[in-house]
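Open the model in your viewer and keep the sequence panel beside it. The stops below say what to select and what to look for at each one.

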Amino acid sequence: MLHYFPIPHPDELLYSIFARYAVHTGIVSPKQCLDILFNCRTVVATVDLPSHLDAFLANAMHLWDISIENLIYRHTLFPLYAPFVPDERRNIAMSHMRSNRGGAQHLELGIAASMVKPPTRMRYCPVCLTTQQICYGEYYWPRSWHVAGVNVCALHGPLIDTDVRFRPTERHRFIPATPSLCTASPQQGEANTTHKMEKAVCNLANQLMALPPRPSPTYYQWSRFYHDLAASHGFTRGTHVLHRDLYQGLWRAWNGCEQDVVAKMFSWLPSLFRKHRKSFSLAQHLTVWAALAPSVPAAEILRRVSSLPRQPEVSVCQKRTPTVAVPAIASYRDHWQQALTRFKHQGTKWIRENQSGMAATYAWLYRNDRQWLLAINKQYRLKHREISPKVNWRKRDMALSRKLRSIANKGDSKPYRRTRTWLINQLPHRASISKNLEKLPLCDHLLTEISESVADYQIRRCKCAIEELKTLGLPESRWRVVRRAGISPTSIRSSTERFLASLNGAACGQNDNPKHPQ
């Protein structure tokens, strides 16, 4: 249980509050800080979406009267992602942040796969830091400085990168905002030179972070909202969105901005105004809102989206009913049923592909009388006979054992080490052998008996080298045997050494190598 905890500042990241706690209490060890805050020493210090929040509140609830949901929505970047994922995934991500596991919330919210990545380093605004020092006597990390795709302060201009990584290699330390990290360097541009659309996006992001917890809209509601938004600006013809006109309209609004999400707009903008099958990033949504709804607050946009139907009123997969004359249907049915009766042992696919005119008949029935077609095809469906051959494992065991014996007795012109895997690969049915060795006891025992160790393999190569030296009429010196066998002097096993020592004459101790005299 905590005995002290700092008062949170407006819009402060929970990461920053933990960092100030370590500074105020004089805790130097990051593990000790984690142990006090969470009763756990393996918590990862995450800037945007921290975990283990239930454990933290259990220690701090007597000092900080706040619910877990308000903690997540007021002091993390969660409210920037929650409105754009289905409500089920929103709840799952919150449960990961509350639990002692963590890590999966970034996957649930689509951050890991998003085209708009979080900032690589912690950022700050020098003018805002001066205000913090005057009002609170210390620096802290606000949420608005670390929004993915938002690189400016709405009041003072571009943000400046620090040397602190957003995902640091030292994963357990909460790093506070200090004068040494946030030097008073001048900003690259003044507020009046910042693109007006970047300011609008920054203001919309700040409005989203100020909203209370609420259920997330569905994919269908977002699809309807963006279609209606395009129609309100004349970018539709009937039910179709005029994507080229839409792109040109947004490009005129964002002209002169060098943001990556704007430069890649043509790749993602059409998908945003089609049927939503996935989540889009915050920066993509705000880019469109700032251009097509510049005077509408974020709260009003979410209210409009939530007021739309959550699901389509009519199912997308509608059963088609016949709309043609009954005699025509009867004629096509008779034609198809006669073919099924005549070629009942061939199957419907064979009939369509090999009988003249049947493909057209099948297509007509599929479009106009689908339910009857599927029902009649089911009656004539081929019954595939399941083939389950019975293996005589005893007979196979004996045959494979004889094969292994012949492989072991056969000399190799280019010897390989005879491991169990190499021996099995020389046999037929090698895949089934390795999976069913318990059914092949003779084969399993023989594999253990004739498989070679490294020393056995070296000795066999030495024997082959001696035979080659005899054929060439060369002395059987030790160095010649070792070199001919291709054995590295540093990898000779003790058994191989004993074998070489047992050789007579030059192999035992003589050295006639002119390059390496004794």
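**First stop: Asp 54**

Asp 54 is partly exposed, because its relative accessibility is 33%. The model you are looking at is predicted. Asp 54 sits in helix α3, which covers residues 53-60. Show the surroundings of this residue: apart from neighbours within four places in sequence, Asp 54 is in contact with Ile 68 and Arg 98. Asp 54 and Ile 72 are 18 residues apart along the chain, and their C-alpha atoms are separated by 11 Å.

**Helix α4 and its cover**

Select residues 68-75, which form helix α4. Which residues of this helix are buried? They are Ile 68, Leu 71, Ile 72, Tyr 73 and His 75. Next, colour what lies over them: the cover of the buried residues of α4 includes α1 (14-25), α3, α5 (87-98) and α8 (196-209).

**The whole chain**

Zoom out and colour by domain. The chain is divided into domain 1 (1-183), domain 2 (217-307), domain 3 (326-380), domain 4 (393-452) and domain 5 (455-504). How far apart are the C-alpha centres of domain 3 and domain 5? The distance between these two centres is 76 Å.

Then select residues 4-157, which an unreviewed UniProt entry lists as "domain: TniQ". The span 4-157 is 42% helix and 5% strand, and its end C-alpha atoms lie 36 Å apart.

Go to Asp 11, in the segment before α1. Its phi is near 60°, a positive value in a residue other than glycine. Asp 11 has a relative accessible area of 27% and therefore counts as partly exposed.

Move on to Asn 39, in the loop between α2 (30-38) and α3. The phi of Asn 39 is also positive, near 60°, and this residue too is not a glycine. Is Asn 39 buried or exposed? Asn 39 is exposed, because its relative accessible area is 55%.

**Salt bridges**

Side chains of opposite charge can pair when their charged atoms come close. The count for this model comes to 16 salt bridges. A few of them are visited here.

Select Arg 41 and Asp 35. These two form a salt bridge, with the closest N and O atoms 3.5 Å apart. Arg 41 is partly exposed at 41% relative accessibility, and Asp 35 is partly exposed with a relative accessible area of 31%.

Select Glu 170 and Arg 173 next. Their side chains meet in a salt bridge at 2.9 Å, N to O. At 41% relative accessibility Glu 170 counts as partly exposed, as does Arg 173 at 29%.

Now jump to Glu 497 and Arg 478, whose side chains meet in a salt bridge at 2.7 Å, N to O. This pair links distant parts of the chain: Glu 497 belongs to helix α25 (residues 494-501) and Arg 478 to helix α24 (residues 478-485), 19 residues apart. Glu 497 is partly exposed at 31% relative accessibility, and Arg 478 is partly exposed with a relative accessible area of 26%. Elsewhere, select Glu 12, Arg 20 and Glu 138: salt bridges that share partners join them into one network.

**Arg 461, a charge without a bridge**

Select Arg 461 in helix α23 (residues 454-472). What is the nearest side chain of opposite charge? That side chain is Glu 452, 8.6 Å away. Arg 461 is buried and has no salt bridge; a salt bridge needs the nitrogen and the carboxyl oxygen within 4 Å. Show the backbone of Gly 486 to see where the side chain of Arg 461 goes: it reaches the backbone oxygen of Gly 486 at 2.7 Å. Not counting residues up to four places away in sequence, Arg 461 touches Pro 415, Ala 485, Gly 486 and Ile 487.

**Last stop: Ser 401**

Finish at Ser 401, in helix α19 (residues 393-409). Is Ser 401 buried or exposed? Ser 401 counts as buried, because its relative accessibility is 11%. Show Leu 442, Cys 443 and Leu 446 around it: Ser 401 is in contact with these residues, leaving aside its neighbours within four places in sequence.

How values were computed
Residues are numbered from 1 along each chain as its sequence is written. This is a predicted model: local features need pLDDT of at least 70, side-chain atom pairs count only at pLDDT 80 or more; totals for chains, interfaces and linings use all residues. Side-chain values use heavy atoms; hydrogens and water are left out. Domain bounds come from an automatic or database domain assignment. Helices (H or I, at least four residues) and strands (E, at least two) are DSSP runs, numbered from the N terminus. Buried means under 20% relative accessible area, exposed over 50%, partly exposed in between (1.4 Å probe, protein chains only). Contact means heavy atoms within 4.5 Å. Lys and Arg count as positive and Asp and Glu as negative; His and the chain ends are not counted. A polar contact is a pair of N or O atoms within 3.5 Å; within protein, one must be able to donate a hydrogen and the other to accept it, and residues adjacent in sequence count only if both atoms are side-chain atoms. UniProt positions are given in the numbering used here, feature names are shortened, and annotations may be inferred rather than shown by experiment.
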